[in-house]
Amino acid sequence: MLKTMPDGEGLKYELKPCPFCGKDVAEFCRGSDLASEENFGSESDIVVVCSCWNGGCGAASGIYPTGYMAGDAWNKRAAYSVAEIRKALEQGC
Ligand SMILES: [Zn+2]
């Protein structure tokens, strides 16, 4: 389902159904919406979650610096390397 990314000025991204429960209710969230900033490091951190509020199972992509990375991680279940994440953070995306 097409979802709006919290960063990227309203750009949309196609999120695949959840690989665990099969429901098509994944949403982009900011880490700071889910827990305190101390736990997530930065309020710009973005995560895709299978929305509990819409009957999903709560599975998450992991926390990424950009909506594209979180969306890719959700769709491919293939994590970025630590080096790639550091590079994106240094670029301030
Ligand atoms: Zn799910």
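View 1. The model shown is predicted; local features require pLDDT of at least 70, side-chain atom pairs count only at pLDDT 80 or more, and totals for chains, interfaces and linings use all residues. Residues are numbered from 1 along each chain as its sequence is written. Helices (H or I, at least four residues) and strands (E, at least two) are DSSP runs numbered from the N terminus. E4 and E5 run antiparallel and are joined by 3 bridges; two strands are taken to pair if DSSP finds at least two bridges between them.

**View 2. Strands E3, E4 and E5 form an open antiparallel sheet in that order.** E3 and E5 stand at the edges with a single partner strand each, so one side of each lacks a neighbour in the sheet. On average, neighbouring strands are turned by 20° against each other, direction ignored. Axes are lines fitted to C-alpha atoms, for helices over the stretch in contact, and angles run from 0 to 180 degrees between N-to-C directions. E3 and E4 run antiparallel and are joined by 5 bridges. Across this pairing, Ala26 stands opposite Cys50, and Cys29 has Val47 as its bridge partner.

**View 3. Strand E4 is mostly covered, with 5 of its 5 residues buried.** A residue counts as buried if 20 or more other C-beta atoms lie within 10 Å of its own, as exposed if 12 or fewer do, and as partly exposed in between, with C-beta atoms placed from the backbone. In a regular strand the side chains alternate between the two faces of the sheet. Ile46, Val48 and Cys50 point one way from E4, whereas Val47 and Val49 point the other way. Over the protein as a whole, buried residues make up 24% of the 93 residues.

**View 4. The largest nonpolar core has 14 residues.** Such a core is a set of buried Ala, Val, Leu, Ile, Met, Phe, Trp, Tyr and Cys residues joined through C-beta atoms within 7 Å. Ala26, Val47, Val48 and Ala70 have the most contacts inside this core. At least two residues each come from strand E3 (26-30), strand E4 (46-50), strand E5 (60-64) and helix H3 (67-76). E4 gives the most, with 5 residues. Leaving out residues up to four places away in sequence, Val48 touches Leu15, Ala26, Phe28, Ala60, Ser61, Ala70, Gly71 and Trp74; residues are in contact if their C-beta atoms, placed from the backbone, lie within 7 Å.

**View 5. Helix H3 packs on the sheet and touches E3, E4 and E5.** The direction of H3 makes about 150° with that of E5. Gly67, Met69, Ala70, Gly71 and Trp74 are the buried residues of H3. Their cover includes strand E2 (12-14), E3, E4, E5 and helix H4 (82-90). Just after H3, Arg77 takes a positive phi of about 50°.

**View 6. Thr4 lies in strand E1, which spans residues 2-4.** Thr4 is partly exposed, with 13 other C-beta atoms within 10 Å. Apart from its neighbours within four places in sequence, Thr4 is in contact with Gly10, Lys12 and Phe28. Thr4 and Glu14 are 10 residues apart along the chain, and their C-alpha atoms are separated by 8.9 Å.

Terms used
Two residues are in contact if their C-beta atoms, placed from the backbone, lie within 7 Å.
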